[in-house]
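Please consult the sequence and the coordinates alongside the text.

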Amino acid sequence: MTTYVSGIQIAHLIDGQFPDAVADAQPEFAVVKSESLVEVLAWLRDDPDQAYEFLSSLTGVDRIDWFEVAYHIESFQHNRASTIKVRSSDRENPSVPSAVPVWPGAQLQEREAYDLLGINFEGNPDLRRIFLWDGFAGFPLRKDYLNLPGGQMPGLERFPGEPGVELSGRGTE
Amino acid sequence: MTIKSEPFVVNVGPQHPSTHGVFRLRLTLDGEKIIDADMVMGYLHRSMEKLAEERTYTQNIPFTDRTDYLAAMTGNLAYVMAVEKLMKIEVPERAQFLRTIMAELQRIASHSMAIGIFANDCGAWQTPVMHMFRDREKILDLFEMACGARLTLNYMRIGGVSRDIPDEWMPQAYKLLKELPKRFAEYEDLLLSNEIIVARSRGVGVLTPEQAIAHSVSGPMLRGSGVAWDVRKADPYAAYDKLDFEIAVGTNGDAYDRFVIRLAELRQSLHILEQALDMMPGGPVHERLGTATVQPGGQSIAPLALRPPVGEAYGRIESPRGELGYYIVSDGGPSPFRFHIRSPSFINLTPIKQMAIGTTVADAIVILGSVDIVVGEVDR
């Protein structure tokens, strides 16, 4: 069975090596500061006790107050998996360092996150739109993409047919 | 005197039989040699990740059929497992076995297509693929008996499967299991040393184990490069921990090895199916969750009103194409806050450029064929 290394455990390990690099730790993930992201990821890959040589998935999430990129990493050698995150609070122009120098497998996934969420991966050698065409306006997976009246966010607030407030977007003030 | 030629651009696709869908490979050639390869995708982009944010968790299951439409069962399974992980739901044992059986049948159907189409790309035009369709039809018949659909199945539910199999299902499945070994022996005879396939694919598109891991490739492509990694073994889900099977591993990491791995996995899937059908336990096929109701006749249906707690989960399985993962972020509402598909077809395309440069157009077709992409899953 794969051991899922909790965010708190991995944050502790990172902290021992790079003091001041961890921004937050939750049971599901550890958040690393953007400045030290690349060296932390490279250490997680190269250190024989960690050996997270496989980047399973890279994806962005629009958390409304900030953007985050989640790295689901795996170690074949130790059969372990863990999750690292990095955040960017710039709403207009979110930017995080590219993981391509560490895992070339991040290339297409970073292009996807850029295309749909507009996250700029600094240092990615070929950051272009991938599914949408050049000149497409905006980034559709952002929560404010549709610009609903009254600043409403997309998403269901209640189930169809469920009694309660009038059916509207999620996150209304 | 050397003659300098100008680079020449060839578009393979978007409408081309070897791209397995609407996908474009833009090759820059110097004479016959490829000097640059660029992938143009998105022709089948249906913004599933955005659509899923507007629908309930149960309503999202049909989307998972339509990503990898050649392996809808495994798409369903990966998604419901991610939600079950998020909600910490235990699934009844019979449902676990049904899931395993359906996933393995799907793997045989999907690998059959991959092998047939790969032979097509190599130049064994249409004959192998028609043989493969014959087996696949029988598997689709079994799916039709179980859930009424053949391709977009929508069979799995959060907490189990949508319904139990009918009484006639097991005899039919055993009948198929008796037929398949003969067929597989026939394919091995016809294809393994087939000059058309060997000459076109040996030594083409080589990926070393280090390159394969660094480029995040998974599935038969990773195992073809000699890395014995299979999520079914490394992190057993459903009923795989009770079943015995082996991981097929290649040695050279070329297109031929990927093809051989898929043939070998047909045998392994059959072996898993034989055990799973014999061990199938009785009992319910769906966990009763909250407002779940049981229909007359004992069939349970999934609840509509699922509200997972705030949090996130990443569920992954071994789909026929590789590691298929669903990353679900919940804010406690009735629909996912973020719904991301880690699709193996898409990520397995990462090293295409590296593999194609320096080869010829004919080799590039074989390389793309050996990756076995489904464009519905690439573009989502």
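This is a predicted model: local features need pLDDT of at least 70, side-chain atom pairs count only at pLDDT 80 or more; totals for chains, interfaces and linings use all residues.

Residues are numbered from 1 along each chain as its sequence is written, and chains are lettered from A in the order in which they are written.

The largest nonpolar core has 152 residues; such a core is a set of buried Ala, Val, Leu, Ile, Met, Phe, Trp, Tyr and Cys residues joined through C-beta atoms within 7 Å. Its largest share, 15 residues, comes from helix H4 (residues 93-122) of chain B, helices being DSSP runs (H or I) of at least four residues and strands (E) of at least two. Among the residues with the most contacts inside the core are Ala30(A), Ala82(B) and Val83(B). Beyond its neighbours within four places in sequence, Val83(B) is in contact with Tyr57(B), Ile158(B), Pro308(B) and Ile328(B) (contact: C-beta atoms, placed from the backbone, within 7 Å).

Between the chains, 39 residues of chain B are in contact with 33 residues of chain A. Elements of chain B that each supply at least two residues to this side include strand S8 (311-319) and strand S9 (322-330). The side of chain B that touches chain A comprises 16 nonpolar, twelve polar and eleven charged residues; Ala, Val, Leu, Ile, Met, Phe, Trp, Tyr, Cys and Pro count as nonpolar, Asp, Glu, Lys and Arg as charged, and the others, Gly among them, as polar.

Axes are lines fitted to C-alpha atoms over the stretch in contact, with angles from 0 to 180 degrees between N-to-C directions.

| Pair | Axes within | Crossing angle |
|---|---|---|
| H4(B) and H14(B) | 9 Å | roughly 180° |
| H5(B) and H6(B) | 11 Å | roughly 165° |

H4(B) is therefore roughly antiparallel to H14(B), a term for angles over 145 degrees. Their contact involves five nonpolar, two polar and one charged residue.

Phe23(B) lies in the loop between strand S3 (21-22) and strand S4 (24-30) of chain B. Phe23(B) counts as buried because it has 26 C-beta neighbours inside 10 Å, the criterion being 20 or more other C-beta atoms within that distance. Tyr43(B), 20 residues away in sequence, is 6.8 Å from Phe23(B), C-alpha to C-alpha.

Conventions. A residue is buried if 20 or more other C-beta atoms lie within 10 Å of its own, exposed if 12 or fewer, and partly exposed in between; C-beta atoms are placed from the backbone. Two residues are in contact if their C-beta atoms, placed from the backbone, lie within 7 Å. Angles under 35 degrees count as roughly parallel, over 145 as roughly antiparallel, 65 to 115 as roughly perpendicular and the rest as oblique.
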